Amino acid sequence: MKKLLTVLFVIFFVHMSYANELKVVIAPNLDKVIKPINAEFEKLNKGVKVVTIPLVSGAAYQQITNGYPVDVFMSADAKYPQELIKKGFGDDYYIYAIGKLVIWTNSNVKLDKDCINTCLDGNVSHIAIANPKLAPYGRASIEALKSANIYDRLKHKIVFANDVSQAQQFAQTRSAQIAFIPLALVIKSNVGHYCEVDQNLYKPIKQAMVVIKSSNEKELAKKYVDFIKSNQAKEIFKEFGYATP
């Protein structure tokens with residue numbers, strides 16, 4: 001009986017400790033940067049727990065329009081949040097960061113001085129890219145290849161991943177020799193090496209967020225957006241290679 005009471009007390013304590021839980025769907029490129037951001041937000045808001053759900057932006061958009069119960073959506077582009085607002089699913093739109101694209105390898109492929117030309121290396125037989133139909137960084141990758149006039153020569157080598165994390169995994173395990181992924185995923189890593197793709201080869205990857213209208217934590221969600229707008233959050237984004245508005 002004593003043990004049971006102890007267990008019930010712990011459950012009650014944990015529940016009371018996080019009286020407010022904020023559910024935030026994030027694009028996979030935010031996997032690293034979001035941890036220190038959420039830690040700072042929770043420090044400033046005692047009793048709040050931010051729960052992040054990584055989901056490729058196109059799939060997240062589909063889930064939200066189908067009634068997926070979340071409070072905030074942080075997309076890898078501006079298109080999906082704008083569509084949610086148009087369809088009456090979101091408000092409090094804000095562009096929180098501008099992402100950068102890199103070519104990353106965990107193999108012996110030599111990175112070219114002109115980064116995009118790394119794809120032409122004779123040792124590259126597979127190029128991992130996130131599905132451009134759902135992943136904004138995947139779209140930017142295809143756009144960069146086309147802008148460099150090398151897409152037609154390389155399209156047979158492209159292996160599509162579900163998202164940027166899986167694209168990196170393909171290169172990590174050497175199922176692909178190189179991967180197009182966000183700078184934020186590797187800027188603080190000692191594994192592999194990378195080069196930055198010329199930003200003139202693809203449209204700026206403007207990443208936006210919205211508060212979901214059906215949220216049960218509207219006030220807290222707006223507080224979270226305000227924190228993302230703060231200089232404190234912007235400095236963290238910059239540490240991970242993002243530009244900020």
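Throughout this passage, a residue is called buried when its relative accessible area is under 20%, exposed when that area is over 50%, and partly exposed in between, as computed with a 1.4 Å probe on protein chains only. The structure is a predicted model, in which local features need pLDDT of at least 70 and side-chain atom pairs count only at pLDDT 80 or more, whereas totals for chains, interfaces and linings use all residues. Residues are numbered from 1 along each chain as its sequence is written, and side-chain values use heavy atoms, with hydrogens and water left out.

The pLDDT, which is the predictor's confidence in each residue on a scale from 0 to 100, has a mean of 93 over the protein chain, and 92% of the residues reach 70 or more. Over residues 1–17, however, the pLDDT is below 50, and this stretch has two contacts in the model beyond near neighbours in sequence, a contact being heavy atoms within 4.5 Å. Where pLDDT is low, the predicted coordinates should not be read in detail.

With the disulfide defined as a pair of cysteine sulfur atoms within 2.5 Å, the count comes to one. This disulfide joins Cys115 to Cys195, with an S to S distance of 2.0 Å, and the link is right-handed, with 70 degrees about the S-S bond. Cys115 lies in the loop between strand 5 (101–105) and strand 6 (127–130), while Cys195 belongs to strand 9 (residues 193–196), so the pair ties together parts that are 80 residues apart in sequence. Helices (H or I, at least four residues) and strands (E, at least two) are DSSP runs, numbered from the N terminus. Cys115 is buried at 4% relative accessibility, and Cys195 is buried with a relative accessible area of 11%. Cys119, by contrast, is in no disulfide, the nearest cysteine sulfur being that of Cys115, 7.5 Å away; Cys119 counts as buried because its relative accessibility is 0%.

A nonpolar core is taken as a set of buried Ala, Val, Leu, Ile, Met, Phe, Trp, Tyr and Cys residues joined through side-chain atoms within 4.5 Å. The largest such core holds 72 residues, of which Met74, Phe180, Val197, Tyr224 and Phe237 touch the most other members. Helix 8 (residues 218–229) gives the most to this core, with six residues. A second, separate core of 11 residues includes Val25, Phe73, Tyr80 and Ile212. When neighbours within four places in sequence are left aside, the contacts of Tyr224 include Leu22, Val24, Ile34, Phe41, Val72 and Met209.

Helix 8 itself has 12 residues and reaches 17 Å from its first C-alpha to its last, close to the 16 Å expected at 1.5 Å a residue, where the expected span is 1.5 Å times one less than the number of residues. Its buried residues are Leu220, Ala221, Tyr224, Val225, Phe227 and Ile228. Seen down the axis of helix 8, these buried residues fall within an arc of 160 degrees, so they line one face of the helix; the arc is that of the directions from the helix axis to the C-beta atoms.

Helix 5 (residues 136–147) also has 12 residues, and its end C-alpha atoms are 16 Å apart, in agreement with the 16 Å that it should span. The buried residues of helix 5 include Pro136, Tyr137, Gly138 and Leu145, and just after this helix Asn149 takes a positive phi of about 60 degrees.
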